Amino acid sequence: MSIGGDSIKNILKSCVRTIRYIKGRTESAFISDEDAWYCPCCGSKVRAFKAGSFLNHPEIYDRRCFENVEQNVLCPVCLSFPRHRIMCCWIDQNLELLKGKKILYFAPNSSVYSFLRKRGFAVTTADKFAKADRKLDIMHIDLPSESQELVICNHVMEYLDDYRVGFFELKRILKKDGLLIISFPTDESLETVFEDPSITSPDARRSVFGEIGNLRLFGRDSAELLEKAGFDVSLIDGDACPKKILPAVGPAGYDVNYLFLCKK
């Protein structure tokens with residue numbers, strides 16, 4: 001049986017991830033706590049976080065959103081971003097609150113997924129396009145109402161045709177007292193969400209919203225928008241995390257250092 005090109009690429013990517021993880025974890029054992037930064041997603045001590053390649057891809061990202069923003073925010077072992085480390089740090093501090101809950105995880109990040117599985121959570125991944133346990137469209141989630149205990153959805157709302165429908169659908173599938181952990185690109189210079197349906201070309205979207213796929217940026221009233229959607233909202237604040245995990249804004253100016261915990 002022949003192996004297709006995509007399968008070979010996936011195998012190679014898996015090998016690279018495994019080698020990077022083993023190398024990083026081995027080095028972690030020889031780094032003193034005093035000299036180390038820390039990634040709660042993979043449990044590694046690192047000498048420094050590293051930069052991504054955003055500034056090297058002006059065809060995808062607007063450099064203006066990344067210049068003058070800290071770029072060394074990527075874990076060299078598991079490739080987590082600050083928002084991932086903030087979430088994992090918060091989950092570790094609130095395990096009793098989440099204990100026993102089954103998780104539906106939209107657009108899963110591999111480092112967070114591994115973290116959750118190691119903590120004993122039952123996780124079902126979901127994505128409209130990428131490989132996942134369930135192929136689900138947040139605009140039309142093919143799941144019964146009040147069927148989910150805990151949903152994670154980070155940096156998806158910016159891609160939807162209508163984020164309000166996304167909020168409604170996420171609330172619909174949550175059980176009573178169910179929880180949603182969510183984040184999205186938030187530009188704190190904006191009073192409220194900025195979107196313009198007339199902006200349709202990738203180049204224009206990159207120039208206006210920072211990335212060719214973005215349809216909007218959210219503003220300072222993000223918590224209020226979630227409350228209007230019917231959630232009881234509280235902040236998962238990166239500033240409350242240990243400084244060793246680098247809860248910084250970055251790599252883009254709209255990558256703020258907080259997430260939202262929403263209760264139905």
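Tyr163 has a relative accessible area of 4% and is buried (under 20% relative accessible area; over 50% is exposed and in between is partly exposed, with a 1.4 Å probe and protein chains only). Phe167, at 2% relative accessibility, is buried as well. Tyr163 and Phe167 are four residues apart in helix H5 (residues 163–173), a separation of about one helical turn. Helices (H or I, at least four residues) and strands (E, at least two) are DSSP runs numbered from the N terminus. The model is predicted: local features need pLDDT of at least 70 and side-chain atom pairs count only at pLDDT 80 or more, while totals for chains, interfaces and linings use all residues. Residues are numbered from 1 along each chain as its sequence is written, and side-chain values use heavy atoms, with hydrogens and water left out.

The count of aromatic pairs comes to twelve. Rings of Phe, Tyr and Trp (its six-membered ring) pair if their centres lie within 6.5 Å; planes under 30 degrees apart are stacked, over 60 edge-to-face, and the rest tilted. Trp37 and Phe49 make a tilted pair, because their ring centres are 6.1 Å apart and their planes meet at 50°. Trp37 belongs to strand E1 (residues 37–39) and Phe49 to the loop between strand E2 (44–46) and strand E3 (50–51), so this pair ties together parts twelve residues apart in sequence. Trp37 is partly exposed at 32% relative accessible area, whereas Phe49 is buried at 7%. The pair of Tyr163 and Phe167 is edge-to-face, with 5.4 Å centre to centre and 75° between the planes. Tyr163, Phe167, Phe184, Phe218, Tyr258 and Phe260 form one aromatic cluster.

## A charge over Phe49

Arg85 lies over the face of Phe49, 4.0 Å from the ring centre. The criterion is NZ of Lys or CZ of Arg within 6 Å of the ring centre and within 35 degrees of the ring normal.

## Nonpolar core

The largest nonpolar core has 45 residues, of which Met87, Ile91, Ile103, Tyr105, Leu116 and Ile181 touch the most other members. Such a core is a set of buried Ala, Val, Leu, Ile, Met, Phe, Trp, Tyr and Cys residues joined through side-chain atoms within 4.5 Å. Elements that each supply at least two residues of this core include helix H2 (82–93), helix H4 (110–118), strand E9 (174–183) and strand E13 (258–263). H2 gives the largest share, six residues.

## Cavity and pocket

One cavity of 30 Å³ or more is found in the whole structure. On a 1 Å grid over the protein atoms alone, a cavity is a set of points where a 1.4 Å probe fits but cannot get out; a pocket is an open set with protein on both sides within 12 Å along at least five of seven lines, and lining residues have an atom within 4 Å of a point. Points are joined across faces, edges and corners, and volume is the space filled by probe spheres set on them. The largest cavity holds about 80 Å³, and its lining includes Phe81, His155, Phe184, Asp255 and Tyr258. This lining divides into seven nonpolar, three polar and two charged residues (Ala, Val, Leu, Ile, Met, Phe, Trp, Tyr, Cys and Pro are nonpolar, Asp, Glu, Lys and Arg charged, the others, Gly among them, polar).

The second largest pocket holds about 320 Å³. Of its 14 lining residues, Lys128, Phe129, Val156, Tyr159 and Leu160 lie nearest its centre; the lining has ten nonpolar, no polar and four charged residues.

Leu215 sits in the loop between helix H6 (202–209) and strand E11 (216–217) and is buried at 16% relative accessible area.
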